[in-house]
Amino acid sequence: MSDEDITLTAGDAEVTVQPGNGGRVGGLRVGGLELLRQGKRFGCFPMVPWCGRIRDGRFLDGATVRQLPLNAPPHAIHGTARDGAWKVARLTADEAVLTYDLVEPWPHPGRITQIVQLTEESVTLTMGVEAHDSSFPAQIGWHPWFNRNLGGPAGQDVQVAFDPAWQEERGEDHLPTGNRVEPKPGPWDDCFGMPGGVDVTLTWPGQLAVRVTSPEAWVVVYDEQEAAVCVEPQTGPPNGLNTLPRLVTPLEPLEATTTWSWTRL
């Protein structure tokens with residue numbers, strides 16, 4: 001199948017999936033309201049095989065130190081899969097299955113599968129990383145850019161509500177120091193721990209409330225930009241290939257999921 005944009009529909013909900021633009025969700029419309037910031041680098045992109053920044057672009061892979069390109073100098077950020085074209089493996093009216101084969105600069109062969117499932121009240125994103133012949137550390141996450149304001153006469157800025165167990169202390173290099181601190185008020189570009197599962201509610205008063213959930217225990221919240229707010233469930237903290245690696249083996253893939261469910265207000 002081609003890498004042209006795909007539209008999934010369920011009731012008055014529509015999702016645009018962009019295989020050729022890093023396998024991202026390019027748009028999510030509910031009742032005609034666009035929830036995601038538009039543009040080639042926005043929407044919601046998969047962060048894989050790592051999330052956030054890796055310090056100096058280096059990580060320990062067994063006994064080998066690997067060096068990745070510094071695409072956010074002095075660090076490497078957000079994985080490699082968002083830069084590639086994905087393939088469409090299966091498509092129905094309300095579900096798309098995409099795959100991406102890992103290539104250089106990632107040092108190990110493997111395959112990523114992402115499933116986008118739409119209902120009238122929610123969208124669920126599921127991702128898996130498979131190793132072909134050698135084990136490697138990896139992370140999975142999603143980086144949605146939710147519009148701060150949905151526009152229209154009722155348009156008010158979004159309110160973000162969540163109750164994390166801790167906040168990862170952020171160093172001057174924007175990476176966690178390893179210390180856990182009491183959650184602080186925003187603005188944020190910070191990672192939080194939610195050991196019972198990610199649960200963050202975005203409310204656009206008088207319009208919609210969207211609940212972002214995931215069984216994973218980590219979420220980055222980024223609201224320092226005027227146009228958008230990011231709520232990023234992930235399988236570990238930034239720099240996690242070094243501090244909290246999850247090993248993918250030929251027998252045991254790494255899998256994660258997140259659901260965004262909405263309520264009309």
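Trainee: What is the relative accessible area of Asp173, and how should I read the value?

Mentor: Residues are called buried under 20% relative accessible area, exposed over 50% and partly exposed in between, using a 1.4 Å probe and protein chains only. Asp173 has a relative accessible area of 28% and is therefore partly exposed. Before we go on, keep in mind that this is a predicted model, in which local features need pLDDT of at least 70 and side-chain atom pairs count only at pLDDT 80 or more, while totals for chains, interfaces and linings use all residues. Residues are numbered from 1 along each chain as its sequence is written, and side-chain values use heavy atoms, with hydrogens and water left out.

Trainee: Which side chain does Asp173 meet in a salt bridge?

Mentor: A salt bridge here is a side-chain nitrogen of Lys or Arg within 4 Å of a carboxyl oxygen of Asp or Glu. The partner of Asp173 is Arg55, with 2.9 Å from N to O. Arg55 sits in the loop between β6 (53-54) and β7 (58-61), and Asp173 in the loop between β17 (166-170) and β18 (176-181), so this pair ties together parts that lie 118 residues apart in sequence.

Trainee: How many salt bridges does the structure hold?

Mentor: There are 13 salt bridges. Among them is the one between Glu34 and Arg29, whose closest N and O atoms are 3.0 Å apart, and in that case Glu34 is buried, at 17% relative accessible area. Another joins Glu95 to Arg90, with the closest N and O atoms 3.1 Å apart; Glu95 counts as buried at 17%, whereas Arg90 is partly exposed at 46%. Salt bridges can also be linked in a network, as they are for Asp12, Glu121 and Arg264.

Trainee: How many disulfides does a search of the whole structure find?

Mentor: A disulfide is a covalent bond between the sulfur atoms of two cysteines. The cut-off is a pair of cysteine sulfur atoms within 2.5 Å, and by that criterion the search finds zero.

Trainee: Which strand does β13 join through eight bridges?

Mentor: Two strands pair if DSSP finds at least two bridges between them. Strand β13 (residues 122-131) runs antiparallel to β25 (residues 254-264), to which eight bridges join it, and within β25 the bridge partner of Ser122 is Ser261. Strand β25 also pairs with β21 (residues 208-214), again in the antiparallel sense, over six bridges, with Ala209 standing opposite Thr263.

Trainee: Which residues does Ala131 touch, if those up to four places away in sequence are not counted?

Mentor: Contact means heavy atoms within 4.5 Å. Ala131, which lies in β13, touches Pro109, Gly110, Phe136, Val248, Thr249 and Pro250, and at 9% relative accessibility Ala131 is buried. Thr99, placed in strand β11 (residues 95-101), is buried as well, at 11%, and beyond its neighbours within four places in sequence Thr99 contacts Trp86, Lys87, Ala89, Arg111, Ile112 and Thr113. Over the whole chain, residues 24 or more positions apart account for 61% of the contacts with a separation of 6 or more.

Key:
Helix = DSSP H or I, 4+ residues; strand = E, 2+ residues; numbered from the N terminus.
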